[in-house]
Amino acid sequence: MTETTTRSDLSSTYDAARAYELDRAHVFHSWSAQAEISPMVITRAEGSHVWDADDRRYLDFSSQLVFTNLGHQHPRIVAAIQEQAAHLCTVAPAVANGARSEAARLIASHTPGDLDHVFFTNGGADANEHAVRMARLHTGRHKVLTTYRSYHGGTHLAVNMTGDPRRWASDHGSAGTVHFFGPFLYRSAFHARTEAEECERALEHLDQVVSLEGPGTIAAIVLEAIPGTAGIMIPPPGYLAGVREICDRHGIVLVADEVMSGFGRAGRWFAVEHGGIVPDLITFAKGVNSGYVPLGGVAISDEIHATFAHRTYPGGLTYSGHPLACAAAVATIRTMEDEDVVGRAERLGEDVIGPGLRALAEKHERIGEVRGTGAFWALELVSDRSTREPLAPYGGSSPEMGAIVKGCQERGMLPFANFNRIHVVPPLTTTDDEVREGLAILDAALTAAAG
């Protein structure tokens, strides 16, 4: 292939009208009724912004699906991918290569405790699938406990582990999963009035579920360290430590799903650091390389690693530790270290996002609760603050929510919306002024939707 041909092949992909035509003719979109969608065409991106087919610029307050932690087209990541592509595009997972080895070292340097071994996957769902497989083989047990209001991925086991309506169509009760209520004071299942009560009662509930299901049947408890798509509900102080104690008491593997909350998103390298615990396994994806090339993985403790020291682990993926993905991870993590991106995310939440959202809550009656940390926040929107009636039903949307989302887009901002919530999850590299711009747009959209 000549250089001229290469340029021609690439340039054709940047024709927005042609891209939309081919998408509607051939692309099957996830979580969608195919005939009812009209996807936005994105033609380019840079930093905290993307451009559509009309060359209109949007502030990306969603980080796409909460993965562009270092923003779009970061020059160090792009350069690393280009350099790796020129050197070694791909290789089978059974051999060693420099990009994969260095990515594993860097990840292990930031995981808590002894989680020093990394199994690479293609994304978060298969990371959770493999973490559960490891836990089941390690314990010789089958059941997995996960919370309602959670999301763990779209593959069969992961979607059965999921505790939101996306599970319903695929839940045949055959995956060995059991759901329980996690802590969520604003909509407490335990009639709690304080965080301390919510924590105590949620742990009592989990302890009862473990007892009634049979501790000797439970391989793992899988928790999002901070539930992401389900609502960014920060665990109350002591909750993660209490779950750790229950797992230790019964020999249950504790898996922390950090697919969304990891790699700086919550103002820490991993969100479990807020709870001061070390899980047995951590699953990750998204922010590990800002989503530039698909990558996920499982960080594994010494004890579980030892289970497979002389016993074959029955699992793998063709693209496990893909060189291009791992090169992107190396560049991402080194950039985060060099520029203190984790510290920046913490400060962004404390000094800009948190105060800005609380100011909006004082102004808008539809904001029932503001919650979050780092660059990981949610607005719980209600039709009535006294009754806490959601502005959209669980598992659905509403004209009011649609108007707020449309209002943000019309004003040049891409929001992240789920049910009755707006999540504020910009890239960790977003400037203070860009965040304030996004909050001003959200303010205007809320005002317009309220009539």
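**Helix crossing and sheet chat**

Me: Which way does H13 cross H15, left-handed or right-handed?
Reply: H13 passes H15 in a right-handed crossing. Bear in mind that this is a predicted model.

Me: OK, and what are the angle and the axis distance for that pair?
Reply: Helix H13 (residues 341-363) and helix H15 (residues 432-449) pack at about 20°, and their axes are 11 Å apart. Angles under 35 degrees count as roughly parallel, so H13 is roughly parallel to H15.

Me: Which residues of H13 and H15 meet there?
Reply: On the H13 side they include Arg344, Leu348, Val352, Gly356 and Lys363. In H15, Asp432, Val435, Leu439 and Thr447 are among them.

Me: How many are nonpolar, polar or charged?
Reply: The H13 contact with H15 has 8 nonpolar, 2 polar and 6 charged residues.

Me: Switching to the sheet. What's the strand order?
Reply: S4-S10-S9-S8-S7-S5-S6, an open sheet of 7 strands with mixed pairing. The twist from one strand to the next averages 20°.

Me: What about S7 and S8, parallel or antiparallel?
Reply: Strand S7 (residues 218-224) pairs with strand S8 (residues 253-257) in the parallel sense, over 5 bridges. Valine 222 has valine 255 in S8 as its bridge partner.

Me: Which strands does H8 lie across?
Reply: Helix H8 (residues 195-213) lies across strand S5 (143-147), S6 and S7, at about 150° to S6.

Definitions and conventions: Residues are numbered from 1 along each chain as its sequence is written. This is a predicted model: local features need pLDDT of at least 70, side-chain atom pairs count only at pLDDT 80 or more; totals for chains, interfaces and linings use all residues. Side-chain values use heavy atoms; hydrogens and water are left out. Two strands pair if DSSP finds at least two bridges between them. Helices (H or I, at least four residues) and strands (E, at least two) are DSSP runs, numbered from the N terminus. Axes are lines fitted to C-alpha atoms, for helices over the stretch in contact, and angles run from 0 to 180 degrees between N-to-C directions. Contact means heavy atoms within 4.5 Å. Angles under 35 degrees count as roughly parallel, over 145 as roughly antiparallel, 65 to 115 as roughly perpendicular and the rest as oblique. A crossing is left-handed if the near helix is turned anticlockwise from the far one by less than a right angle, and right-handed if clockwise. Ala, Val, Leu, Ile, Met, Phe, Trp, Tyr, Cys and Pro count as nonpolar, Asp, Glu, Lys and Arg as charged, and the others, Gly among them, as polar.
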